[in-house]
Amino acid sequence: MATRTIIEQGDEALAKRCHPVTNFDERLWELLDDMHDTLEEAHGYGLAAPQVGILRRVCLVTASDGHIIELINPEILETAGEQEGYEGCLSVPGLYGWVKRPDWAKVRAQDRNGTFFEAEDVGMSARCFCHEIEHLDGHLFTERVQGRLYTEEELDAIQAAAEEKERKGRKKR
């Protein structure tokens, strides 16, 4: 197992639709294992194969219980609810934008051996299902951003101001 280089916005691989996986073999297992290592090292919540330069329909998503779900040839079956929040991407380092996503998502995919399964989750995991599967179709979260992108420093200042406002609101009660 090894870590792979995460490619960044501007690389043409991120704008291409990925090919379905048809061979569930050692090469796929090596890719999945490397993606696990890469995601862990990057401290991310999800990672799609095109982010490491592989144009195959493969992604990893961190479930709400903390385990990593391997999704091969995934498709979103259903979504419900809505959440809004700042979102980032390992391929767009240091920039965040306000994005609306479903609050619940159900996906169908294959595991590393080709067996079909369904998974569903809420919150951040639902956000990740949508985000990572969009990568497989050649899209970045930046296409969904409402407003502009913010740097980490700007986002920290926005969050600090919101926390201060909330703290002052609690004192008045």
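View A. Contact here means heavy atoms within 4.5 Å. Gln51 sits in the loop between β1 and β2. Gln51 is buried, at a relative accessible area of 1%. Buried is under 20% relative accessible area, exposed is over 50%, and partly exposed lies in between (1.4 Å probe, protein chains only). This is a predicted model: local features need pLDDT of at least 70, side-chain atom pairs count only at pLDDT 80 or more, and totals for chains, interfaces and linings use all residues. Residues are numbered from 1 along each chain as its sequence is written, and side-chain values use heavy atoms, with hydrogens and water left out.

**View B. The open sheet.** Five strands build an open sheet, ordered β1-β2-β3-β6-β7, with antiparallel pairing. At the edges stand β1 (46–48) and β7 (116–122), and each pairs on one side only. On average, neighbouring strands of this sheet are turned by 35° against each other, direction ignored. Strands are DSSP runs of E with at least two residues; helices are runs of H or I with at least four; both are numbered from the N terminus. Two strands pair if DSSP finds at least two bridges between them.

**View C. Strands β6 and β7.** Strand β6 (residues 104–110) runs antiparallel to β7, and seven bridges join the two. Which residue of β7 stands opposite Ala105? Asp121 does.

View D. Helix α1 (residues 26–42) lies across β1, β2 (58–62) and β3 (68–80). Its direction is at about 40° to β2. Helix α2 (residues 123–136) lies across β1, β2, β3, β6 and β7. Helix α2 runs at about 165° to β2. Axes are lines fitted to C-alpha atoms, for helices over the stretch in contact; angles run from 0 to 180 degrees between N-to-C directions.

**View E. The protein chain around these sites.** The protein chain has three helices and eight strands. Along the sequence, the pattern is α-β-β-β-β-β-β-β-α-β-α. The radius of gyration is 17 Å, close to the 16 Å from the globule rule for 173 residues, so the protein chain is as compact as a globular protein of that length. This radius is taken over C-alpha atoms, and the rule is 2.2 Å times the number of residues to the power 0.38. Of the 173 residues, 41% count as buried.
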